[in-house]
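Dear colleague,

I am passing on the structure that we spoke about, and my notes follow below it. Please read them with the structure open beside you.

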Amino acid sequence: MEQSEQLLEKYEKDFQAMPEFPESIDIKGLDTEDNLKRIFSFIDLTTLNTTDSANSVQEFCDKLVSFKKDFPDMPLVGAVCVYPVFASVLKTRLGSLNVNRAVVSAGFPSSQTFLDLKVLETKKALDMGANEIDIVISVGEFLEGNHEFVMQEISTIKSVMGEAHLKVILETGALDSPQNIWEASIIAMEAGADFIKTSTGKMNPAATPEAVWVMVHAIKAFQKATGKTIGLKPAGGISTTDDALVYLKIVNDVLGEEWLTSERFRIGASRLANNLLADLAEKQGKPFEKYF
Ligand SMILES: O=C[C@H](O)COP(=O)(O)O
């Protein structure tokens, strides 16, 4: 039996024992100033547009530098996330800040390229200054049951990354079933993912509470079996404070308070930061204009 099949068999009981997704996720009372600030610190502030350029990414980063001065009582975001060609811009412009430099790689968002190019792209992004890499699994191979291929690809990419963190995107919107999301989570974690991430933000549906429910239970089962703590990154379509609070609640309830740190929890989003800051300003009775 292949290694990946043995692995999935080992976790099958945990999947069967996974509690059903609750009828509703109650976020009443969770929108405190503290929680909003906390969520802000979990954001991977993302720009992944065809129209991005070195100049626009530079300006994006510079806003974060001035943010530190304009909002001294706010934490910084967890990372800035950009296309690989801008890794050196992150290094140059964010060098002075305690913010991670995340880059999507390995043929993002489709993952449809050669493994040696995926490795090369990843190495190059790291050499140019990234310290976090977000890759997408080969979804088509996964759906055809070619789990070994998917596992090998992830571990090959991870093997050239040194200490840098690897986030593995499952593209849960394409995975069709909770069982597929569970199996992709287990395979990614076993192959070396430091974080498992829901979506690229380039297809619908993107992140959903139902998909995250399965992923947090897979993380929990994996920790029980291996002692390893793997992070979670819901991403794609998360734009309001309430969206983010739902994920905060799920992570807190299933994985516990110890996961509520940017070492273990990120939210990938291009629009959330402004909405969160606007809600925070309203609570504090302060004016707010779009910042990022
Ligand atoms: O990784 C992050 C996603 O690409 C962001 O998606 P979004 O633009 O829907 O927030």
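**A buried glutamate, and what surrounds it**

E171 is buried, because 22 other C-beta atoms lie within 10 Å of its own; here a residue is called buried if 20 or more other C-beta atoms lie within 10 Å, exposed if 12 or fewer, and partly exposed in between, with C-beta atoms placed from the backbone. E171 is found in the loop between β5 (165–169) and α8 (178–191), where helices (H or I, at least four residues) and strands (E, at least two) are DSSP runs, numbered from the N terminus. The phi angle of E171 is near 50 degrees, a positive value in a residue other than glycine.

Before going further, please note that this is a predicted model, in which local features need pLDDT of at least 70 and side-chain atom pairs count only at pLDDT 80 or more, whereas totals for chains, interfaces and linings use all residues. Residues are numbered from 1 along each chain as its sequence is written.

The sheet is an open one of eight strands, in the order β7-β6-β5-β4-β3-β2-β1-β8, with parallel pairing; two strands pair if DSSP finds at least two bridges between them. At its edges are β7 (231–233) and β8 (267–269), each of which pairs on one side only. From one strand to the next the twist averages 25 degrees, where axes are lines fitted to C-alpha atoms, for helices over the stretch in contact, and angles run from 0 to 180 degrees between N-to-C directions. Strand β1 (residues 43–46) pairs with β8 in the parallel sense over three bridges, and I43 stands opposite I267 in β8.

Strand β3 deserves a separate paragraph. Five of the five residues of β3 are buried, so this strand is largely enclosed by the rest of the structure. N100, A102 and V104 point one way from β3, while R101 and V103 point the other way; in a regular strand the side chains alternate between the two faces of the sheet. On one pairing, β2 and β3 run parallel over four bridges, with V80 opposite R101, and the chain crosses from β2 through α4 to β3 in a right-handed β-α-β crossover (right-handed if, with the strands pointing away from the viewer, the path from the first strand over the helix to the second runs clockwise). Three bridges also join β3 to the parallel strand β4 (residues 132–136), where I133 is the bridge partner of V103. Together, β3, helix α5 (residues 115–127) and β4 make a right-handed β-α-β unit.

The loop between β3 and α5 contains A106, whose phi is near 60 degrees, again positive in a residue other than glycine. A106 counts as buried because it has 27 C-beta neighbours inside 10 Å.

By contrast, E144 is exposed, with 10 other C-beta atoms within 10 Å, and is found in the loop between α6 (139–143) and α7 (147–159).

With best wishes
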